[in-house]
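Please keep the sequence and the model in view while reading.

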Amino acid sequence: MRFPARLAVDVLAAAVVCVGAGVMLARGLVSGPVSTVDPALAIATLTVAAAAVGAGSAILSVVVGRLFGDLRMAWLAPALVLYCVVVLPWTAAAPGATLDVPHRLARLVAYATALILLVVAVRPPQRAGWWGGWVVAALGAVATVASLTVPGTESIRVLVEGPIPTFVVLVGWAIVAVGFVADALRKRSLPRARIGLGLVVIAAAQLYRLLASTGAAAGLAFGALRLIGLAIVLLGVGRLAASALSTVRRRETVHREELETAARHMERAAEHAAERDHELRNGLAGLAGITHLLGADGGDDEHARLKLAVLSELGRLHRILDGEELTVDGTYSLEPVLTGLVALRAAGPGEQVDLHVEPGLQARGDSAVLSQIVTNLLANCDRHAHGAPVLLTARQDGAAVVVDVRDHGPGLPAGDPEILFERGTRDIGAGGTGLGLHISRRLAEHEGGSLVLRPAAGGPGTLARLRLVAADGDVAAADRVPAADESVRGRN
């Protein structure tokens, strides 16, 4: 019900303004201040003001037509240009009484072209496209200029001075007004209804001109009604333009959000690709170091142990390639996982890894997490302390399982160790991608644990401490970092 109510308010307001303007002009001509004004000057002023308002409506109609893709507005714009930029200024500069027959005929041709454009704007042909109205306007302009060369015969004089042109104009304005109002009611668009209402007021002005007696009062009333009608049209087109711009802004906002979301997804995909590449590179490095041993003669137990380690590592790499989700509810034994990793790393030249694991040690989560983290830590030891012995230990600490990787290299660089966990932080001289520690901490926290770096006690080197949830522990207790480790976790 809101649309009919608002439309009724607009109709009532337009009626009150039109009647009020007519009454004020009538009283002003008799006894008010308007009686001292030259009527011809007042009519010319109203005509020029109407032309300016109509020109603004034409400009906004072009904008609305393009933004909304509305061909009606694309045909309304050239009609308003002809009517308000050619016909009305011509009328103000040379009133009809002072024009000869050819000039009256030329103005009538321009007026008729504008009216044709308005009628077609009610239901514009799709095949004519966006430039159809302007082509018709250009042809009308050529015909207007050509009309100036037509001799002023008696039949032409009767045509331009008789009631037929005024009647045709009245019927045309009425058709256009009804068409725009019907379109507004169908689309339930108040701005379009205002355009139709403005055209109705102009049609009423033409009817008044046809029925009223000639004189200054009639000329002023006609000019005032025409100005009011064009002002209402401008108001409606302006509201459409504001709505179109708001729609464009909303679309731009949606597109920007979609682009930002796509950029985030692409960035995340690039991160996943880099992380997967990093993990595959570390895993393949371990496999490459052991392949020559599998082909050599050796004891059955040694070959079986190496083959089991290779199969376990290949399974982990296969899960990375398949993008399988990590589990947090399962349990696994640490000893076989760490034994296989040490076998892979120790098979390479120059790597010395000693392993000490408490018997029966079990953790909660996914064994692939432990494999991936320890693989990254051992790769860092090889990169930053190549050839130095590495000690790998695992023990139970209350509700947590603690895995320590201790090398005998140069130790941590000066500064906050937490910086080393930031993505992309790396030692340019030692190589690497700056992803290993970042990935490892994220995986540890995903399993409810933690990963910290600290200087090794009792000598040079670095200690990486991984805490995981024990099989019989709880996540909250396992993630509780002891005071000795809290000092190096910093902001984590």
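## Strand pairing in the sheet

L355 has L392 of β4 as its bridge partner. The model is a predicted one, in which local features need pLDDT of at least 70 and side-chain atom pairs count only at pLDDT 80 or more, while totals for chains, interfaces and linings use all residues. Residues are numbered from 1 along each chain as its sequence is written, and side-chain values use heavy atoms, with hydrogens and water left out.

Helices (H or I, at least four residues) and strands (E, at least two) are DSSP runs, numbered from the N terminus. The protein chain has 15 helices and 7 strands. Two strands are said to pair if DSSP finds at least two bridges between them.

β2 and β4 pair in the parallel sense, over 5 bridges. Strand β4 (residues 390–397) pairs with strand β5 (residues 400–407) in the antiparallel sense, over 8 bridges. Within that pairing, L391 stands opposite R406 in β5, and R395 has V402 of β5 as its bridge partner. β4 and β5 form a hairpin with 2 residues between them. In its turn, G398 has a positive phi of about 65 degrees.

These strands belong to an open sheet of 5 strands with mixed pairing, in the order β2-β4-β5-β7-β6. From one strand to the next, the twist averages 15 degrees. As a general point, strands of a sheet pair through backbone hydrogen bonds, either parallel or antiparallel.

## Helices on the sheet

Contact here means heavy atoms within 4.5 Å. Axes are lines fitted to C-alpha atoms, for helices over the stretch in contact, and angles run from 0 to 180 degrees between N-to-C directions. Helix α12 (residues 367–384) lies across β2, β4, β5, β6 and β7 (462–469), and runs at about 20 degrees to β5. Helix α13 (residues 436–446) also packs on the sheet, where it touches β6 and β7. The direction of α13 makes about 130 degrees with that of β6.

## The α4 and α5 pair

Helix α4 (residues 101–122) packs with helix α5 (residues 132–147) at an angle of about 170 degrees, and their axes are 8 Å apart. The two helices, α4 and α5, are therefore roughly antiparallel to each other, a term for angles over 145 degrees. On the α4 side the contact is made by P102, L105, A106, V109, A110, T113 and L117. On the α5 side it is made by G133, V136, A137, G140, A143, T144 and S147.

By class, this contact of α4 with α5 has 9 nonpolar, 5 polar and no charged residues. In this classification Ala, Val, Leu, Ile, Met, Phe, Trp, Tyr, Cys and Pro count as nonpolar, Asp, Glu, Lys and Arg as charged, and the others, Gly among them, as polar.

T113 and A137 are 24 residues apart in sequence and 6.8 Å apart in space, C-alpha to C-alpha.

## Burial and nonpolar cores

Buried means under 20% relative accessible area, exposed over 50%, and partly exposed in between (1.4 Å probe, protein chains only). Buried residues make up 44% of the 492 residues in the protein chain.

A nonpolar core is a set of buried Ala, Val, Leu, Ile, Met, Phe, Trp, Tyr and Cys residues joined through side-chain atoms within 4.5 Å. The largest such core has 42 residues, and Y83, W173, I195, L199 and L230 have the most contacts inside it. At least two residues of this core come from each of α2 (39–68), α3 (71–93), α4, α7, α8 and α9 (216–294). α3 gives the most, with 10 residues. Leaving aside neighbours within four places in sequence, L199 is in contact with W173, V176, A177, F180 and V233. Apart from this core lies another, of 34 residues, including V337, V342, V401 and L453.

## A loop residue

R188 lies in the loop between α7 (163–187) and α8 (190–211). Although R188 is not a glycine, it has a positive phi of about 50 degrees.

Technical notes: Parallel < 35°, antiparallel > 145°, perpendicular 65-115°, else oblique.
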